[in-house]
Amino acid sequence: LGFVFAIVVDRACVIHYQLALIPDDTKVLLAVIRCADQQGMVLIFTGMHGMVKMEYPKATGFCLFLVEGYGRKSHLSRDCTHSSQYEQNPMRPPVYPVPGCAMRYARLVLTAVIGLCFGTLLWSSDIEQIRSTLKTQMHDTARMGLLVQLGDALTDQGSYEEAKVPLNEVLLQAQRMRHFLYELKALKRLGVVSFYQGNNKDAIRYWELALAIAVKTKNQNEYYGIRMNMANVMLVNADYLAAQQAYYEVLHWAETNRRYDQVSKCMINLASLYSALERYDSTRYYLLHSLRTYEKYMTPHDKANVLNNLAVMDVNESKYRALEHSAQTLLVYSKKENLKRFIGSAFAMFGIAKMHNGNRVLARLYMDSALIIQTEEQDDREKTSNLHWMARLNLAAALSKDAEYLRKFCQGSRAIALKEAHSLLDTVIV
C-alpha cells in the first residue's frame with residue numbers, strides 16, 4: 001500500500017487534511033501539484049491575489065492535490081489522431097478565492113506538511129517503473145522496446161520534450177544495428193511528437209523516412225498508420241480532398257483486415273475533417289459511432305480524444321451549457337488515466353464555457369491554469385489557441401467595463417486590458 005496526503009481547500013477557505021491508503025498501482029492525478037521523477041515537486045495554486053508557486057527539489061514521491069474547482073483532440077497513429085482547432089492543456093484546476101491571510105496560512109500549512117513527509121514514496125507510475133527497469137542489464141532489442149514504451153507514455157502524458165530523449169536513443173541504436181523495425185517505430189513516434197508540438201515540417205520529414213522503411217520491409221500495418229498521420233497534416237493545411245482520400249484508404253484497409261483499433265482512429269480523424277468543413281452532423285456521427293462501437297479497442301488516449309472533440313463540437317455550435325458537461329466528462333476520465341494534455345483541454349474548455357456564461361473571473365483562472373501547463377509542456381499548438389481565447393476574454397471585459405475582472409487582472413484599467421489583449425493577439429499571429 002502507498003499513501004496519498006489530500007489537502008482540500010473549500011469555499012470557506014478552511015484547510016482540511018487526511019491521510020488515505022491506496023493501492024500501489026493506483027494512478028493518482030495531481031490537480032495542482034506535479035510530482036516529477038528527477039525534478040522534485042512543484043506546487044501551484046491560484047487565488048484572487050495571484051498565483052503561488054513553491055518548488056521542492058528533493059520531494060520525489062509525494063502526492064498532494066486540491067480538489068475544489070472544476071475543471072478536447074483528432075487522431076494520430078503512433079498512433080496519431082488529429083485534434084480540433086481548440087486544443088488546450090493544463091494539469092490543475094483553479095481554486096476558489098483565497099483571501100490574503102488565508103493564503104499565507106495555507107502556504108505555511110502546506111510547507112509544514114511537505115516538510116514532514118519528504119522521504120515518503122507515495123506513488124509509483126508506469127513511467128517510473130519503465131525507468132527503473134531500464135537501469136538493469138538487458139539485450140539491446142529489449143532495451144529499445146522499453147524506450148519506445150517510455151516515449152509513448154511521455155507523449156500521452158504531454159511531456160513532449162522528455163519523450164524525444166528515449167525516442168532519439170532508439171533511433172540511433174536501431175540505425176547502428178540496422179534494425180529497421182525499431183528505426184521505423186522511432187521515426188514514426190518522433191513525427192507524432194513534432195505534430196503535437198505544432199511542427200508539421202519536422203513531422204512530415206520523420207514520417208517520409210518511416211514510410212520508406214515501411215515500403216521497403218512491406219510492413220502494411222505501419223504503412224497505413226503513417227499514411228493516416230500524414231493525412232492529418234493535409235487536414236491542418238486545409239488540403240481537405242487529399243486528406244479525405246487518405247482517410248478512406250486507411251479505413252478500407254482497416255475494416256478489411258479487422259483492425260478495429262485503426263478503424264476507431266480513422267473515424268476520429270474523419271470527424272475532425274468534417275468539423276473543418278463545418279459538417280457538424282457528420283462530425284458527431286463519427287465521434288459517437290467510434291465511441292459506441294469501438295470503445296473496447298481504444299486506448300485511453302483515443303477515448304479521451306473523442307471526449308475532447310465532443311467538447312470542441314459544443315464550442316463550434318455555441319452550446320456553452322452543454323460544454324461544461326462535456327468538459328467535466330473529459331476531466332474526470334483524463335484524471336483517471338493521468339492524461340495531462342487532455343486535463344489541460346478540459347480546463348481550457350471550462351474557461352471558454354465560463355467566459356460565455358458571464359463568469360469572466362473564473363474563466364480567466366481556468367485559462368491561466370491552461371497556460372501554465374501548456375508552457376511547461378512546450379505545447380505550442382494548445383498554447384496558441386488558449387492565448388486567442390484569453391485575448392477575446394480581455395477584450396470582452398474591457399468593452400463591457402467588467403469592474404471585478406479589471407480590478408483583479410488589469411489593475412482596474414480598461415487600457416491595460418486592451419493592451420494585454422492586443423499583445424496576446426500579436427503573439428498568436430507570430
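This briefing describes a helix pair, the nonpolar cores and one serine in the structure above. The model is predicted, so local features need pLDDT of at least 70 and side-chain atom pairs count only at pLDDT 80 or more, while totals for chains, interfaces and linings use all residues. Residues are numbered from 1 along each chain as its sequence is written, and side-chain values use heavy atoms, with hydrogens and water left out.

**Helices α4 and α5**

- The axes of helix α4 (residues 160-177) and helix α5 (residues 180-196) come within 8 Å and cross at roughly 155°.
- That angle makes α4 roughly antiparallel to α5 (over 145 degrees).
- Residues of α4, including Y160, L167 and L171, meet residues of α5, including Y182, L190 and Y196; contact means heavy atoms within 4.5 Å.
- The residues of this contact between α4 and α5 divide into twelve nonpolar, two polar and three charged (Ala, Val, Leu, Ile, Met, Phe, Trp, Tyr, Cys and Pro count as nonpolar, Asp, Glu, Lys and Arg as charged, and the others, Gly among them, as polar).

**Nonpolar cores**

- In the largest nonpolar core, of 64 residues, Y247, L323 and I352 touch the most other members; such a core is a set of buried Ala, Val, Leu, Ile, Met, Phe, Trp, Tyr and Cys residues joined through side-chain atoms within 4.5 Å.
- Helix α13 (residues 340-356) gives the most to this core, with nine residues.
- Another core, of 34 residues, lies apart from it, and L171, F195, L211 and V233 are among its members.

**Residue S326**

- S326 lies in helix α12 (residues 320-337); helices are DSSP runs (H or I, at least four residues), numbered from the N terminus.
- With a relative accessible area of 14%, S326 is buried (under 20%, with a 1.4 Å probe and protein chains only).
- Leaving aside residues up to four places away in sequence, S326 touches L310, A311 and D314.

Note on methods. Helices (H or I, at least four residues) and strands (E, at least two) are DSSP runs, numbered from the N terminus. Buried means under 20% relative accessible area, exposed over 50%, partly exposed in between (1.4 Å probe, protein chains only). Axes are lines fitted to C-alpha atoms, for helices over the stretch in contact, and angles run from 0 to 180 degrees between N-to-C directions. Angles under 35 degrees count as roughly parallel, over 145 as roughly antiparallel, 65 to 115 as roughly perpendicular and the rest as oblique.
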